[in-house]
Amino acid sequence: MTTLDATASDLISAHDREAFLENGFHIIRGGLTPDRAKLYRAALVEILRTDPSHPYASRFMEAQIPGAPPTEENPYGRWAGFDLPLFHDLFYDFIFEPKIALSLAGLLGGDVNLYETGCVAKVPGFPGNYRDWHQDSEYSDPQSNEFNVTVITYLDEMDGSSGVTAVVPGTHRLGALPHVVPTETYTSGAREVADKAKYDAKAHYPSVSPGDTIVFFGRLVHKSASNDSDKDRMSLAYNYMRTDTFDLKEIARWIGAGTPVVRNGRLYRPSTLF
Ligand SMILES: O=C(O)CCC(=O)C(=O)O
C-alpha cells in the first residue's frame, strides 16, 4: 500500500496515540523519504539566500552570534523563517506530505488543518541557550483546546550536539507556564519559561535522520540544542491543528492558516467539485 492510499490508522496505532497523549511527543521515523528530504533541503538553502531587499525578507530572523558566523548555505545567518510558501511553492506542497499529514490525523484523533509554516536553521557554533526552553502555546493561546501541534521535520542528521529539538516529556500536562524575555546577551529574544534551568535534567535529545519528524503538543516544553558540529543543520517547523481547534482571541494570519489537510481520515484533495 502506498502512503497516498493509507489512512491514519495504518500509520498510528492505539498504543502510539496513548504514548503521545502521555509523553506529549511522537517521532515519525521516515516522515519523508531521503530523496524528498534532499529536495526540501535544497529549496530551503535557496530561500535562506533570499536577498534582504526582498519585500518579505522580514519573515526571516537573523542571528548575530559570536563564534557562529554566517555560512555559504546560510549567508545572512538566518536561524528561523516563517510563511515559507511566500518564497517557494514546494513549501506549500510540504503541507500535504502524506505520511506526516495522515500520522497527524492519527495522533490528534480527528481531521487536520494547517496553522503555520516555518523553518529553523542552525549554523555551526549555534549555542544551546539561543532558543531556550519554552512552550509554543505561548504564541497561540488562548485556543479552544490543546490539539495544536508543532511538527519539526529534520533535513539533516541531528542529535543533542548538532541542533536537534530537545523536549521535556510530560510537560504538556503542566498547563500554560509563565514566560519571560531572555536576559542573555546573545539570544533569540523570544520568550522562554521563567525558571528554565530546572528543565535541563529531564531533557530528552532524540537522534534523528533526514526525513524523521517530531510531533509535539504546543504546551510541551522544548528548545533548540546547540550545533557543535562543523555543518549547517536545517529543519522545517510547521504547526497543524485539529479542525475543532480555534483561536479565541487574535485569529492567526499566517499564510495558509486554516488550509484543510486531512478530511475523513484521508489526505485532502480539492476535487469534489471538479
Ligand atoms: O530547534 C528546534 O527544532 C526548535 C525551535 C523552536 O522551538 C523555535 O524556534 O521556537
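Val181 counts as exposed, because 9 C-beta neighbours lie inside 10 Å of it. The scale behind that word is simple: a residue is buried if 20 or more other C-beta atoms lie within 10 Å of its own, exposed if 12 or fewer, and partly exposed in between, with C-beta atoms placed from the backbone. You will find Val181 in the loop between strand S8 (179-180) and strand S9 (192-193). Helices (H or I, at least four residues) and strands (E, at least two) are DSSP runs, numbered from the N terminus. Not counting residues up to four places away in sequence, Val181 touches Gly189 and Arg191, where contact means C-beta atoms, placed from the backbone, within 7 Å. Ala197 is 16 residues from Val181 along the chain, and their C-alpha atoms are separated by 15 Å.

A word on what you are looking at. This is a predicted model, in which local features need pLDDT of at least 70 and side-chain atom pairs count only at pLDDT 80 or more, while totals for chains, interfaces and linings use all residues. Residues are numbered from 1 along each chain as its sequence is written.

Now step back to the whole protein. Its secondary structure comes to 5 helices and 14 strands. The radius of gyration is 18 Å, which agrees with the value near 19 Å that a compact globule of 274 residues would have; it is taken over C-alpha atoms, and the globule rule is 2.2 Å times the number of residues to the power 0.38. Along the principal axes, the C-alpha atoms fill a box of roughly 55 × 40 × 35 Å. Buried residues make up 44% of the 274 residues. Among contacts between residues at least 6 apart in sequence, 87% join residues at least 24 apart.

Let us go inside. The largest nonpolar core has 67 residues, and Leu104, Val215 and Tyr240 touch the most other members. Such a core is a set of buried Ala, Val, Leu, Ile, Met, Phe, Trp, Tyr and Cys residues joined through C-beta atoms within 7 Å. Helix H5 (residues 98-108) gives this core its largest share, 7 residues. H5 is largely enclosed by the rest of the structure, because 10 of its 11 residues are buried; among them are Ile100, Leu102, Leu104 and Leu107. After H5 comes Gly109, with a positive phi near 75°. Tyr240, leaving aside its neighbours within four places in sequence, is in contact with Leu104, Val112, Asn113, Leu114, Tyr115, Val149, Val151 and Val261.

Strand S5 (residues 118-122) is also largely enclosed, since 5 of its 5 residues are buried. Both of its faces are covered, with Gly118, Val120 and Lys122 on one side and Cys119 and Ala121 on the other. S5 runs antiparallel to strand S3 (residues 78-82), joined by 3 bridges, and Ala80 stands opposite Val120. S5 also runs antiparallel to strand S12 (residues 233-242), this time with 4 bridges; there, Ala121 has Met234 as its bridge partner. Strands count as paired if DSSP finds at least two bridges between them.

Ala80 and Val120 turn up again around the ligand, together with Arg131, Ile152, Thr165, His222, Ser224 and Ser235. To belong to this shell, a residue needs its C-beta atom, placed from the backbone, within 6 Å of the molecule. The shell divides into 3 nonpolar, 4 polar and 1 charged. Here Ala, Val, Leu, Ile, Met, Phe, Trp, Tyr, Cys and Pro count as nonpolar, Asp, Glu, Lys and Arg as charged, and the others, Gly among them, as polar.

The loop between S5 and strand S6 (148-154) holds Pro142, and a cis peptide bond with omega of about -5° joins Asp141 and Pro142. Phe126 has its place in the loop between S5 and S6 too. Phe126 is buried, with 26 other C-beta atoms within 10 Å. Beyond four places in sequence, Phe126 is in contact with Ile65, Ala68, Gly163, Ser226 and Asn227.

Asp83, with phi near 55°, sits between S3 and helix H4 (90-93) and counts as partly exposed, having 18 C-beta neighbours inside 10 Å. Asn264, with phi near 50°, sits between strand S13 (260-263) and strand S14 (266-267) and counts as exposed, having 9 such neighbours.

Note on methods. Contact = placed C-beta atoms within 7 Å.
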